[in-house]
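Work through the exercises below with the sequence and the 3D view at hand. Try each task before you read its solution.

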Amino acid sequence: MQKIFNLACGSFYALGAYVGVSAVGWYVSAGGPPALFIVPLALAGLAVGAVGVLVERGLLRFVYDRDETFQLLMTFAIVLMMEDAIRLTWGTAPRSTAGLYLAYGRVEILGAVAPVYNLIVMAASLVIALAIGWLLTRTAFGRIIRATADNREMAEALGVDMRRVYARVFTLGTALGTLGGALVIPTTAAMSEMGIELIVEAFAVVVIGGLGSMRGALVGALVVGVLRAIAISVYPELEMLLIYLIVIAVLVARPRGLFGGAAA
Amino acid sequence: MTRLSQATPELLRPHGPRCNQSRYNKTRRQFLKLLVAGAGSAAASRLDAPPAFAQGGPLKVGVLTIRAGVAAPVGAAGLRATEWWAERVNKAGGILGRPVQLVVEEESNPKDTVERYRKLVLQDQVEVVLGGISTGVTLALGPVAEDLGTPWLSWDGTTQKGVEETMPHPKWAFKSVDNEVEAIVAGILTPKYFKGIKTVAGIGNDYSYGHDCWESYQAVLKRYIPDVKFVLELFPKLGVTDFTSHIAAIQQSKADLLMCSFWSGDATIIMKQAAAVGLFKTMKGVFTTAGGVHDSLKKEFTPEGLLLGYNTMYFDDPKASPLLKQFVREYKAKYNEYPPYECDHAFFNAESYKVAVEKAAGPAKKWPEKAQVVKALEGLEIESLSGKRSWREDHVQMCNFYQGITTHKNAYDFVTISPIEVVSTKRAMKPAGSKLFEWIAGWKV
């Protein structure tokens with residue numbers, strides 16, 4: 001909506017992961033029951049999303065009307081600064097939530113063992129996707145967001161306060177990134193470079209799905225995830241090649257992505 | 001600061017019979033003459049730098065370490081051990097009376113690191129450079145060290161291209177243990193602890209270290225179990241944080257054993273994600289290098305019964321020397337962590353330099369030339385944190401490697417090893433001048 005190519009989304013994900021690790025650490029050391037660790041984890045992930053206001057008001061608003069190159073440089077600078085800030089705050093060693101990953105046990109589905117926590121994260125992702133869909137299509141704020149994305153000048157002429165809308169939307173996006181990082185962290189370990197890893201994959205997802213399309217992002221993520229898993233099982237050398245072949249095919253055959261035409 | 005820049009203001013200062021007037025009264029010509037003369041004498045003093053100056057002032061020791069990125073924990077450990085060594089040496093009166101002053105520079109990509117190396121030698125005028133972790137970087141540093149004529153002692157980097165040596169007869173460069181040694185040690189120990197292995201899957205980082213370890217491990221295991229089959233090999237990028245698809249593929253391969261050469265946070269992550277699907281309930285595991293992140297391998301997700309490598313130093317060795325015990329105690333008190341192996345590499349480098357200087361100085365205790373220090377380092381054996389370590393005549397480190405079977409029976413919240421196997425590089429590292437796979441093929445097993 002803001003027409004900004006935001007490389008810093010991966011950094012928000014990493015920040016959420018680190019804040020999640022710290023929040024769970026405090027919670028456990030304060031004697032909180034392990035079964036409820038997901039509550040402080042999710043709350044901390046959401047709360048740290050407030051950093052989005054600072055980034056949007058403090059930095060991004062100055063480059064909205066600039067060339068895309070400036071915007072890319074600005075968000076890349078944020079990536080590098082956040083990486084250093086994380087390193088200064090949490091140190092260089094990987095951080096993890098120890099054994100809480102298996103706090104909810106494991107289940108067997110179609111002969112495969114899966115941790116229940118993975119299912120919780122999948123369910124949470126679905127709920128968040130539906131909630132965002134509802135927000136965009138069924139609320140007044142959602143209509144304003146779509147109108148602004150479609151024609152910023154017209155929306156502004158109709159009395160929409162761009163400053164507030166941009167700040168809110170960016171903060172919402174940031175909070176989704178930090179929440180994602182926090183929810184994923186029990187399954188992995190937080191490393192200061194984890195954001196960059198995510199950015200590369202995220203762009204493959206949005207190029208396949210279509211820039212600016214919610215449905216596209218969902219389908220793109222599924223395509224990338226499933227194809228990677230198949231490639232690793234069948235022919236591991238093709239893991240990255242396959243994804244980028246599809247990215248190239250989409251760029252050539254359908255430059256706006258699978259769902260990009262309608263919503264962009 | 002260079003001597004040129006130190007010397008120039010001194011020459012401009014008005015003093016002595018020829019400069020008895022205020023500098024503001026000098027003509028432009030006089031000023032330029034003085035400047036040229038000053039620069040000339042400063043350059044001359046640089047060319048024949050007298051050891052007498054060196055004997056008196058602080059001893060500058062260059063340190064190259066990684067403080068950013070995936071290898072930052074390794075770099076931090078090496079730097080901490082070097083700082084611990086410097087404090088210890090300075091408390092005891094320095095080296096031949098000269099206090100040690102560390103000049104730390106960052107190891108990043110080969111090009112920038114080479115520039116920083118030049119800066120350490122030419123601008124900071126260090127007597128020795130310690131450090132270097134990534135072989136990708138140290139391969140480039142080796143020839144530069146030879147050109148600049150200052151001893152360089154590498155913590156963990158080699159001058160190997162793949163598994164073959166590119167600098168068999170260096171003069172100034174002192175290199176780490178060959179990269180593939182821990183995989184070879186694991187290959188030797190695998191048949192001892194895991195009987196009846198018929199199929200093996202491997203996973204390592206997608207760069208030279210991961211591939212070389214896997215090739216070496218296969219070659220060694222083939223010698224002990226000739227009919228073993230290698231059913232899967234996976235090489236994810238360094239820095240990946242999700243291995244669920246890789247683990248699914250490993251499960252699908254139904255291998256008897258998984259060999260993994262991860263050495264950073266990815267070792268912790270794969271352990272966690274493997275435990276989540278119960279991978280090691282049906283499969284044996286060999287983690288050649290994960291001891292580098294040992295205190296992140298929590299008991300909740302790291303099972304007992306895996307073969308785990310700690311490289312050259314095991315912090316919890318019951319046979320630890322008083323030196324190691326003191327180091328572990330003070331490291332834990334200062335950083336609230338238990339030290340990994342890189343501390344031992346770094347301490348060995350620094351301490352061997354000190355001993356070599358003292359040896360080369362002789363009874364007269366005259367500060368030795370750099371070439372004399374290099375001569376004294378060759379073949380030198382000293383007491384490091386992990387015990388006796390030495391420099392082979394071709395400037396490669398000789399030491400012991402520690403691996404063992406993971407156990408939960410300890411006072412920590414992470415796994416340790418018991419029993420502990422100690423394998424010397426005399427057994428697990430190719431001799432100077434030999435080819436790795438020909439050497440392994442020639443073993444009598």
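The exercises cover the interface, salt bridges and aromatic rings.

This is a predicted model, where local features need pLDDT of at least 70, side-chain atom pairs count only at pLDDT 80 or more, and totals for chains, interfaces and linings use all residues. Residues are numbered from 1 along each chain as its sequence is written, chains are lettered from A and ligands numbered from 1 in the order in which they are written, and side-chain values use heavy atoms, with hydrogens and water left out.

**Exercise 1. Describe the contact between chain A and chain B.**

Step 1. Find the residues. Contact means heavy atoms within 4.5 Å. Chain A gives 29 residues and chain B gives 32 residues.

Step 2. Find the area. The size of an interface is often given as the accessible area lost when the parts come together. Here buried area is that loss (1.4 Å probe), summed over both parts. Chains A and B bury about 2500 Å² between them, with 59% of it on carbon and sulfur atoms. Met191(A), Glu197(A) and Ile232(A) supply 20% of the area that chain A buries against chain B, more than any other three residues.

Step 3. Look for charges. A salt bridge is a side-chain nitrogen of Lys or Arg within 4 Å of a carboxyl oxygen of Asp or Glu. The rule finds one salt bridge across the interface of chain A and chain B. Glu197(A) and Lys237(B) meet in a salt bridge, at 3.7 Å from N to O.

**Exercise 2. Which salt bridge partners are buried and which are partly exposed? Take Arg67(B), Glu106(B), Lys175(B) and Glu165(B).**

Step 1. Buried means under 20% relative accessible area, exposed over 50%, and partly exposed in between (1.4 Å probe, protein chains only).

Step 2. Take the pair Arg67(B) and Glu106(B). Their side chains meet at 2.8 Å, N to O. The pair links distant parts of the chain, 39 residues apart: Arg67(B) is in the loop between strand S1 (59-65) and helix H4 (72-91), and Glu106(B) is in strand S2 (residues 100-106) of chain B. Helices (H or I, at least four residues) and strands (E, at least two) are DSSP runs, numbered from the N terminus. Arg67(B) has 38% relative accessibility, so it counts as partly exposed. Glu106(B) has 18%, so it counts as buried.

Step 3. Take the pair Lys175(B) and Glu165(B). Their salt bridge spans 2.9 Å, N to O. Lys175(B) is at 1% relative accessibility, so it counts as buried. Glu165(B) is at 28%, so it is partly exposed.

**Exercise 3. Where in chain B do Tyr338(B) and Phe414(B) lie, and what does their pair tie together?**

Step 1. Apply the ring rule. Rings of Phe, Tyr and Trp (its six-membered ring) pair if their centres lie within 6.5 Å; planes under 30 degrees apart count as stacked, over 60 as edge-to-face and the rest as tilted. The count is 26 aromatic pairs over all chains. Tyr338(B) and Phe414(B) form a tilted pair, 5.8 Å centre to centre with 55° between the planes.

Step 2. Tyr338(B) lies in the loop between helix H12 (322-335) and helix H13 (342-361), and Phe414(B) in the loop between strand S16 (400-407) and strand S17 (416-424) of chain B, so the pair ties together parts that are 76 residues apart in sequence.

Step 3. Check the surroundings. Both Tyr338(B) and Phe414(B) are buried. They belong to one aromatic cluster, whose members include Tyr310(B) and Tyr412(B).

Terms used: Buried area = accessible area lost by both parts, 1.4 Å probe.
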